[in-house]
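This report goes through one protein model, from its overall make-up to single residues. Please keep the sequence and the 3D view at hand while reading.

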Amino acid sequence: MSPSDRLQAVLDRKGGQVWSVPPSITVYEAIAMMSEREIGAVPVVEDGQLVGMLSERDYARKVILQGRSSRDTPVADIMSTTVITVSPGETVENAMRMMTEHRVRHLPVLAGGRVAGIVSIGDLVNWVISAHQEEIEHL
């Protein structure tokens, strides 16, 4: 393991399951699914294409603080539509840099225009920590 490893290695380690939601469901349904799956953000996909991201932060800022009802608000109304994405060939180090610069906690990984996975800042920090631990053990 190394910070110069490709994100595909991180995705392989995480497993292949990618959860997504359509923009038409309610925020309540999306948040319930996220809670059930223990994830903090989910890609919003329509006709196989990434159209946005929904995060706990979106929910807190665009539903709770604005007095909206999560049961009546469609995901399309609050999702983030400007989404920073990466390819599976991007390095862990560069992905971390992008996340820091753009102040995001989750990055969709696109392969062939489709969501191949999501990496969180926690995934990448754990990868780097494991890489350092391996290096220490080798010394």
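## Terms and basis

Helices (H or I, at least four residues) and strands (E, at least two) are DSSP runs, numbered from the N terminus. Two strands pair if DSSP finds at least two bridges between them.

This is a predicted model, in which local features need pLDDT of at least 70 and side-chain atom pairs count only at pLDDT 80 or more, while totals for chains, interfaces and linings use all residues. Residues are numbered from 1 along each chain as its sequence is written, and side-chain values use heavy atoms, with hydrogens and water left out.

## The chain as a whole

The protein chain holds 6 helices and 4 strands, in the order α-α-β-β-α-α-α-β-β-α along the sequence. Its C-alpha atoms fill a box of roughly 55 × 30 × 30 Å along the principal axes.

Of the 139 residues, 34% are buried. Here buried means under 20% relative accessible area, exposed means over 50%, and partly exposed lies in between (1.4 Å probe, protein chains only). A contact means heavy atoms within 4.5 Å. Among contacts with a separation of 6 or more, 57% are between residues 24 or more positions apart.

Strand S3 (residues 106–111) and strand S4 (residues 114–120) are antiparallel partners over 6 bridges. Histidine 106 stands opposite serine 120 in S4. Serine 120 is buried, at a relative accessible area of 16%. Beyond residues up to four places away in sequence, serine 120 touches Met99, Arg105 and His106.

There are 2 residues between the strands of this hairpin, and glycine 112 has a positive phi near 65°. Glycine 113 is in the loop between S3 and S4, and its 34% relative accessibility makes it partly exposed. With neighbours within four places in sequence left aside, glycine 113 is in contact with Gly48 and Gln49.

## The nonpolar cores

A nonpolar core is a set of buried Ala, Val, Leu, Ile, Met, Phe, Trp, Tyr and Cys residues joined through side-chain atoms within 4.5 Å. The largest one has 14 residues, and Leu7, Val10, Val92, Val119 and Leu124 have the most contacts inside it. Two or more residues each come from helix H1 (7–14), helix H5 (92–102), S3 and helix H6 (121–138). H5 gives the most to this core, with 4 residues. A second, separate core has 12 residues, including Val21, Met33, Val42 and Ile78.

Which residues does valine 119 contact, leaving aside its neighbours within four places in sequence? They are Leu7, Val10, Leu11, Lys14, Met99, Arg105, His106, Leu107, Val109 and Leu124.

## Helix H1

The buried residues of H1 are Leu7, Val10 and Leu11. Seen down the axis, they fall within an arc of 95° (taken from the directions from the helix axis to the C-beta atoms), so they line one face of the helix. They pack against H5, S3, S4 and H6. On the face turned away from the buried side, H1 carries the exposed residues Asp12 and Arg13.

## Charges over rings

A charge sits over a ring if NZ of Lys or CZ of Arg is within 6 Å of the ring centre and within 35 degrees of the ring normal. Arginine 37 lies over the face of tryptophan 19, 3.7 Å from the ring centre. Arginine 71 lies over the face of tyrosine 28, at 3.7 Å from the ring centre.
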